[in-house]
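This report describes selected local features of one protein model and the surroundings of its ligand. The sequence and structure are shown first.

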Amino acid sequence: SSASSSTLTHGEEASTQGDADGVVDVNPPRGTRDFPPEDMRLRTWLFDQFREVSRLMAFEEVDFPVLESEALFIRKAGEEITQQLYNFEDKGGRRVVLRPEITPSLARLVIKQGKSVSLPLKWFTIGQCWRYERMTRGRRREHYQWNMDIFGVPKVRAEAELLQAIVLLFQRLGITSSDVGIRVSSRKVLQAVLNMYSIPEHLFTEVCVIVDKLGKLTREEIEKELMSTGLSSEAVQGIIEVLSLKSLSKLEEVLGSDVEAVADLKKLFSFAEQYGYADWICFDASVVRGLAYYTGIVFEAFDREGKLRAICGGGRYDRLLSTFGSEDIPACGFGFGDAVIVELLKEKALLPDMSRQIDDIIFPLDEVLEGPASSIASSLRKKGRAVDLVEDKRLKWVFKHAERINASWLILVGNSEWERGMVRVKILSTREEFEVKADELE
Ligand SMILES: CC(=O)Nc1cnc2ccccc2c1
């Protein structure tokens, strides 16, 4: 472990435990996180927002194993996500992965459910996703993603619904359209350009994965990668020129108004007006997203200060099921990670107060009263009150603890009161104190 500590990146504590003899390394595996109570309260709060928006949008929750067959993720388009599979062979000799994304599992279940589900399907899930990166980059190897997907809606209504879900989520967190925008485009834009230069269909996916690096690689690097697929320099310039467009009317001038991409996008932007989230979205032809299977509208949310990576992203994938040997069903969806959004909330001072909140603390003042304290705790819990039963502590510690966990009542079980069937209740907010009959505690 001394070797590993020398390659640690900033922000990772050196695992001192690993150096001591015999003590296990108490850090979680590289690139993974523990969730101690305070972090878990924040995560639970965020996931509750995901769930509430899913409920508002009438989506049904589904879930899948984190472990999937490797076959679900073998794609030849050179995506980063498939080059970093957390894959291995299990004891039965099966090639398996810790899933890097959730969409293929959704598609697998839709195929498995086959005729027994009626379309459209609107499903959501919140699940952990994995990648295996050489730790030189010190990035995380896992994160949680909220996924919302619609199967069986071929028209842009589905994309419009998904965008509303994303905007509802941001609004629930206190984020506004001046903090965040959503870039929208369509892969059909690129399709139209490739047609203009009569570039063969089979290059489409590969070109998409390359141009997704626009903004991450220099223009020269992109040109070089595009040329290496065999594209003419004229086609490369044409692609980069069209993908730099930021206005739908300019796009219409270049591609013509009968191009599907233009019609889809115009329809989507008119829906946005009706939903009331038009000021959240903007056309940006450079958005292609890095997943091979997108076929139509694609979108990604970004912080307008440009400090962070994409907050969420998604798009239409009408031809994914046929890559698994099944009949195609039109589909679109998005993934919303648990990391960038928390960075944004910190930036905007929007993190909620994550302190604990307990109703009552019960404290027997004498060990002979431990029995009565138990029955009082039990009856209050049965009435739905959160009760922390504390004993073997000094009273001073109990008052401090009550403050720390924001208890409403402190119930002291003392001998003199108990002889009269009473207990002492301290209302911690007003510091008022009462004697109450034990069986009348509400
Ligand atoms: C910001 C962040 O943690 N991103 C992240 C972390 N882990 C992943 C794991 C699989 C796929 C994508 C991932 C993305």
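## Ligand surroundings

A residue is taken to be near a molecule or strand if one of its heavy atoms lies within 4 Å of it. By this criterion the residues around the ligand are Pro100, Cys129, Trp130, Arg131, Arg140, Arg141, Glu142, His143, Arg309 and Ala339. Taken alone, the ligand exposes 350 Å², of which the protein buries 86%; accessible areas come from the Shrake-Rupley method with a 1.4 Å probe, and for residues only the protein chains shown count as cover. Two or more residues of the shell are given by each of strand E5 (121–130) and strand E6 (142–151). Helices (H or I, at least four residues) and strands (E, at least two) are DSSP runs numbered from the N terminus.

The shell divides into 4 nonpolar, 1 polar and 5 charged residues. Here Ala, Val, Leu, Ile, Met, Phe, Trp, Tyr, Cys and Pro count as nonpolar, Asp, Glu, Lys and Arg as charged, and the others, Gly among them, as polar. A polar side-chain atom of Arg140 lies 3.4 Å from an oxygen atom of the ligand. At Glu142, a backbone N or O atom lies 3.5 Å from a nitrogen atom of the ligand.

## Basis of the model

The model is predicted: local features need pLDDT of at least 70 and side-chain atom pairs count only at pLDDT 80 or more, whereas totals for chains, interfaces and linings use all residues. Residues are numbered from 1 along each chain as its sequence is written, and side-chain values use heavy atoms, with hydrogens and water left out.

## Ser177

Ser177 lies in the loop between helix H6 (157–173) and strand E7 (180–186). With a relative accessible area of 18%, Ser177 is buried (under 20%; exposed is over 50%, partly exposed in between; 1.4 Å probe, protein chains only).

Beyond its neighbours within four places in sequence, Ser177 is in contact with Asp279, Trp280 and Arg304, contact meaning heavy atoms within 4.5 Å. The side chains of Ser177 and Asp279 are joined by a polar contact of 3.5 Å. Such a contact is a pair of N or O atoms within 3.5 Å; within protein, one must be able to donate a hydrogen and the other to accept it, and residues adjacent in sequence count only if both atoms are side-chain atoms.

## Backbone features

Leu119 and Pro120 are joined by a cis peptide bond, with omega about 0°. Pro120 is placed in the loop between helix H5 (103–113) and E5.

Asp392, although not a glycine, has a positive phi of about 55°. Asp392 is found in the loop between strand E13 (387–389) and helix H15 (395–404), and is exposed at 67% relative accessibility. Arg431, also not a glycine, has a positive phi of about 65°.
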